[in-house]
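Please keep the sequence and the coordinates at hand while reading.

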Amino acid sequence: MTAGSTAASRATEDGRGSVAIRGLTKSFGATPVLRGVDLDIPDGSFLTVLGPSGCGKSTLMRIVAGLEQQDGGSVAIGGRPVDGLRPDQRDIAMVFQSYALYPHLTVFDNIALPLRMRRLDFARRLPIVGRMLPGVGQTEREIAQAVRRVAETLQIEPLLARKPGQLSGGQKQRVAVGRAMVREPRVFLMDEPLSNLDAELRVHMRAEIAQLHRSLRTTFIYVTHDQAEAMTMSDQVVVMMDGRPLQVAPPSVIYEDPEDIRVARFVGSPRINILPGTATGRGSVDVLGVEVPFAGHVSPGTGVQVGFRPAAATVTRASGTPGLAGTLTYRENLGSDLFLHVALAGADAPVVIRHDPAEIASFPVGEPVTMRIGEVQTLIFDQAGKRLRAPLAAAGMRRHG
Ligand SMILES: Nc1ncnc2c1ncn2[C@@H]1O[C@H](COP(=O)(O)OP(=O)(O)OP(=O)(O)O)[C@@H](O)[C@H]1O
Ligand SMILES: [Mg+2]
């Protein structure tokens with residue numbers, strides 16, 4: 001796709017597409033859904049809202065779009081509060097999971113609709129009478145031009161005469177995006193726009209949306225509960241749980257340097273392993289009888305939670321070597337990766353460790369193994385799940401912003 005639209009020039013450095021969300025709260029009946037959301041989304045950036053089902057993602061989007069009224073807090077777009085404005089006055093376009101295309105209209109007319117609604121009054125929108133009214137011809141020509149430009153960008157020109165019923169899921173998705181694009185909004189809101197597509201098409205459309213964002217340079221706020229989508233497309237990811245943002249950061253920071261154990265657990269597949277530990281008071285944490293270096297200030301005897309990703313540990317067949325003794329309970333061979341499930345003596349649930357699939361033969365299920373945790377890749381959390389950090393120099397690990 002190429003930048004064929006003037007939307008690129010409309011969203012410029014003057015911040016017209018920046019979004020500032022302050023102290024947003026919302027309850028449905030007695031149930032709080034948003035419990036104080038603060039977010040700053042710079043003009044032209046791509047923010048993904050990631051979180052489990054029911055955490056309030058769609059509610060947040062609907063409030064930003066003006067489709068739902070918040071109980072407290074405010075939303076500003078381009079520096080201007082929009083709380084009192086109707087959806088059509090906010091200069092926002094929303095793409096939903098269900099593409100909400102009109103089945104009786106052609107692709108062309110579906111994309112043209114927002115422009116006709118904006119630029120022609122009721123009488124002028126009438127199919128036959130309308131065409132005879134003054135000014136309609138010129139406006140229709142301009143609308144047709146805008147639709148063609150969008151169709152070219154999205155490579156759907158051959159589909160313009162079809163009805164939605166004659167389109168594949170991916171094509172419908174593109175038409176829905178086209179209908180949002182044609183309005184040249186300040187901000188695109190996309191609420192799980194790919195969740196109706198099969199896995200292969202989803203990966204393809206993911207790349208297309210990222211590319212579209214690069215060419216339009218308009219602000220995108222993208223909702224998903226699919227971490228792969230969040231990690232691959234965004235400048236920034238906000239992980240939301242229970243109606244609150246837990247962390248806002250670039251995808252790599254969310255993965256490597258989470259602030260909260262819930263963020264660490266939500267991102268990464270297979271999930272991060274968590275083992276109970278105790279601070280020793282000598283620059284380490286005791287994990288099931290083995291000391292893992294940790295230079296953070298925690299008083300001796302304090303209980304902590306030690307997290308490590310499947311790739312941050314190693315498993316060997318050798319017994320009697322330093323490390324945690326366990327038994328191999330299960331092997332998951334994905335071809336590119338082998339995941340070994342190891343039941344450690346003293347741990348509640350098996351840990352999962354990534355290993356080279358070429359060595360699968362040397363790991364029969366049921367055999368004793370020894371696991372070692374990579375020293376710089378452990379993430380230590382307090383009992384409440386808040387990340388504990390070592391001073392930078394002592395930890396010797398990469399720290400982010
Ligand atoms: N109009 C409504 N009336 C009552 N409850 C609602 C309404 N809309 C949403 N809720 C509730 O608010 C909570 C948050 O809903 P929301 O749709 O924002 O979640 P979500 O994060 O988008 O979830 P999903 O990933 O499943 O789309 C849910 O518990 C939902 O049942
Ligand atoms: Mg939702």
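Why is strand β9 (residues 236-241) largely enclosed by the rest of the structure? In β9, 5 of the 6 residues are buried, so this strand is largely enclosed by the rest of the structure. Buried here means under 20% relative accessible area, with exposed over 50% and partly exposed in between (1.4 Å probe, protein chains only).

The model is predicted: local features need pLDDT of at least 70, side-chain atom pairs count only at pLDDT 80 or more, and totals for chains, interfaces and linings use all residues. Residues are numbered from 1 along each chain as its sequence is written, chains are lettered from A and ligands numbered from 1 in the order in which they are written, and side-chain values use heavy atoms, with hydrogens and water left out.

**Overall dimensions and content**

- The protein chain has 401 residues, of which 47% count as buried.
- Its secondary structure comes to 11 helices and 21 strands; helices (H or I, at least four residues) and strands (E, at least two) are DSSP runs, numbered from the N terminus.
- Taken along the principal axes, the C-alpha atoms of the protein chain fill a box of roughly 90 × 45 × 40 Å.

**Strand β9 and its partners**

- Strand β3 (residues 46-50) pairs with β9 in the parallel sense over 4 bridges; two strands pair if DSSP finds at least two bridges between them.
- Leu-50 has Val-239 in β9 as its bridge partner.
- The pairing of β9 with strand β10 (residues 244-249) is antiparallel and extends over 5 bridges, and the bridge partner of Val-237 is Ala-249 in β10.
- β9 and β10 form a hairpin with 2 residues between them, and Asp-242 in the turn has a positive phi of about 50°.

- The residues around ligand 1 are Phe-28, Val-33, Pro-52, Ser-53, Gly-54, Cys-55, Gly-56, Lys-57, Ser-58, Thr-59, Glu-192 and His-225; a residue is included if one of its heavy atoms lies within 4 Å of the molecule.
- An N or O atom in the side chain of Ser-58 lies 2.8 Å from an oxygen atom of ligand 1; a polar contact is a pair of N or O atoms within 3.5 Å.
- The protein covers 55% of the 640 Å² of accessible area that ligand 1 has on its own, with areas from the Shrake-Rupley method and a 1.4 Å probe.
- Helix α2 (residues 57-65) gives the most to the shell around ligand 1, with 3 residues.
- α2 is mostly covered, as 7 of its 9 residues are buried: Lys-57, Thr-59, Leu-60, Met-61, Ile-63, Val-64 and Ala-65.
- After α2 comes Gly-66, whose phi is positive, near 90°.

- Helix α7 (residues 199-216) has 18 residues, which at 1.5 Å a residue should span 26 Å; its end C-alpha atoms are 26 Å apart, in agreement. The expected span is 1.5 Å times one less than the number of residues.
- Buried residues of α7 include Met-205, Ile-209, Leu-212 and Leu-216, and also Arg-206, Glu-208 and His-213.
- Arg-217 follows α7 and has a positive phi, near 55°.
- Ala-176 is placed in helix α6 (residues 169-181) and counts as buried at 3% relative accessibility.
- Ala-176 and Ala-207 are 31 residues apart in sequence and 16 Å apart in space, C-alpha to C-alpha.

**Two open antiparallel sheets**

- An open sheet of 6 strands has the order β13-β12-β11-β14-β20-β21, with antiparallel pairing.
- β13 (290-293) and β21 (387-388) stand at its edges with a single partner strand each, so one side of each is left without a neighbour in the sheet.
- Strand β12 (residues 284-287) and β13 run antiparallel and are joined by 4 bridges; Val-287 stands opposite Val-290 in β13.
- A further open sheet has 5 strands in the order β15-β19-β16-β17-β18, also paired antiparallel.
- Its edge strands, β15 (313-316) and β18 (351-355), each pair on one side only.
- Within this sheet, 4 bridges join strand β16 (residues 324-333) to the antiparallel strand β19 (residues 368-373), and Gly-326 stands opposite Val-369 in β19.

Note on methods:
Polar contact = N/O pair within 3.5 Å; in protein donor to acceptor, adjacent residues only side chain to side chain.
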